[in-house]
Amino acid sequence: MAQAQVATTIMSLQDATTTKTANGVSNMATLGENSWEEFSIDVPWGTVEGKWWGSRNRQPILALHGWQDNCGSFDRLCPLLPADYSVLAIDLPGHGHSSHYPQGMQYFIFWDGISLIRRIVRKYNWKNVILLGHSLGGALTFMYAASFPDEVSKLINIDIAGPTVRGVKRMAEGTGKALDKFLDYETLPVSKQPCYSYEEMIKLVLDAYGGSVDENAVKVLMERGMKANHSGFLFARDLRLKVSLLGLFTAEQTLAYARQIRCKVLNIRGVPGMEFESGDFYSKVIATLKECAGHVVYVEVPGTHHLHLVTPERVAPHITQFLVNK
């Protein structure tokens, strides 16, 4: 941590205009706020939905959001990124506008996400992939870069080093409860799911995030995060996603995967960001990456866990610098 660069770069939101950053990237056109369109990918269980930012004539950066968020998580960051790049930000299965898994199917959010990235890469025959992830999305992109080390050129992760780790004792003790909870959610009819007014929904989510987001950020997320019915609003995400314990990793597993990564890596950690169960493990993963990956840039940026959504002007300059440095 002592060697980390602490960045406080501020950049104003502009629409397809020029930017100037303290990192030396100047006079660069950005994607702008209105450069996106909805994008849909057919998958065996339905569709994966998302937003494609920038030109459809180039291979995009693939962006993955955090647990129980959606691709709106990148709505404030993407407009600030270079116009020479495109970004495909997707709603993970069961999130946002993407299809839920059929009844009877289990969510193993880490392994499912790695498989989904592979499915998309193979479908479009992408090469030298650039991946961008926040939180859970960062864990998935980390795992993909480790699993296909020769096929990823750059990995950009925000406030996550690798998959969430749990001690084996805690995993063993929690398995039974997790399975019962999953089955309870699966059989809960829509009529029994809580329904809220718009104002109640915004306040509920704002409180649940514990200061990681502000009210405006919540409203951005809820554009895809809730759906209307005759009585008000429900959460759009699959309730079964709340069961996230199954399929987690041990510290030993995560470090083994970190040793597999060969691409260039940018890791942006929020300060204070998210509090992890094992406080020093983040730095262990970064140290392992520095031993094995092609090149690692690690920066600490003042902000919450959702710093890319709440304060994107602090995050975008580092991503831009990383992208333009070939």
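No disulfides turn up in a search of the whole structure, zero in total, where a disulfide is a pair of cysteine sulfur atoms within 2.5 Å. This is a predicted model, so local features need pLDDT of at least 70 and side-chain atom pairs count only at pLDDT 80 or more, while totals for chains, interfaces and linings use all residues. Residues are numbered from 1 along each chain as its sequence is written, and side-chain values use heavy atoms, with hydrogens and water left out.

- Cys71 is in no disulfide, and the nearest cysteine sulfur, that of Cys78, sits 8.9 Å away.
- Cys71 is also buried, at 0% relative accessible area (buried is under 20%, exposed over 50%, partly exposed in between, with a 1.4 Å probe and protein chains only).
- For Cys292, the closest cysteine sulfur is in Cys263, 12 Å off and too far for a bond.
- Cys292 is partly exposed, with a relative accessible area of 23%.

**The cavity**
- The structure has one cavity of 30 Å³ or more; on a 1 Å grid over the protein atoms alone, a cavity is a set of points where a 1.4 Å probe fits but cannot get out, and lining residues have an atom within 4 Å of a point.
- The largest cavity holds about 80 Å³ of space, a volume being the space filled by probe spheres set on the points, which are joined across faces, edges and corners.
- Its lining includes Leu92, His95, Tyr107, Asp112 and Leu241.
- Helix H1 (109–124) and helix H2 (136–147) are the elements that give two or more residues to that lining; helices (H or I, at least four residues) and strands (E, at least two) are DSSP runs, numbered from the N terminus.
- H1 supplies the largest share of the lining, three residues.

**Helix H3**
- H3 (residues 168–186) has 19 residues and reaches 26 Å from first C-alpha to last, close to the 27 Å expected at 1.5 Å a residue, the expected span being 1.5 Å times one less than the number of residues.
- A kink of about 40° is centred on Gly174 in H3, with the bend taken as the angle between axes fitted to the seven residues ending there and the seven starting there.
- Gly174 is also one of the buried residues of H3, which include Met171 and Phe182.

- The Val271 to Pro272 peptide bond is cis, with omega near 15°, and Pro272 lies in strand S12 (residues 264–272).
- Ser135, in the loop between strand S8 (129–134) and H2, has a positive phi near 55° and is buried at 12%.
- Asp159, in the loop between strand S9 (152–158) and H3, has a positive phi near 55° and is buried at 0%.

Definitions and conventions:
On a 1 Å grid over the protein atoms alone, a cavity is a set of points where a 1.4 Å probe fits but cannot get out, and a pocket is an open set with protein on both sides within 12 Å along at least five of seven lines; lining residues have an atom within 4 Å of a point.
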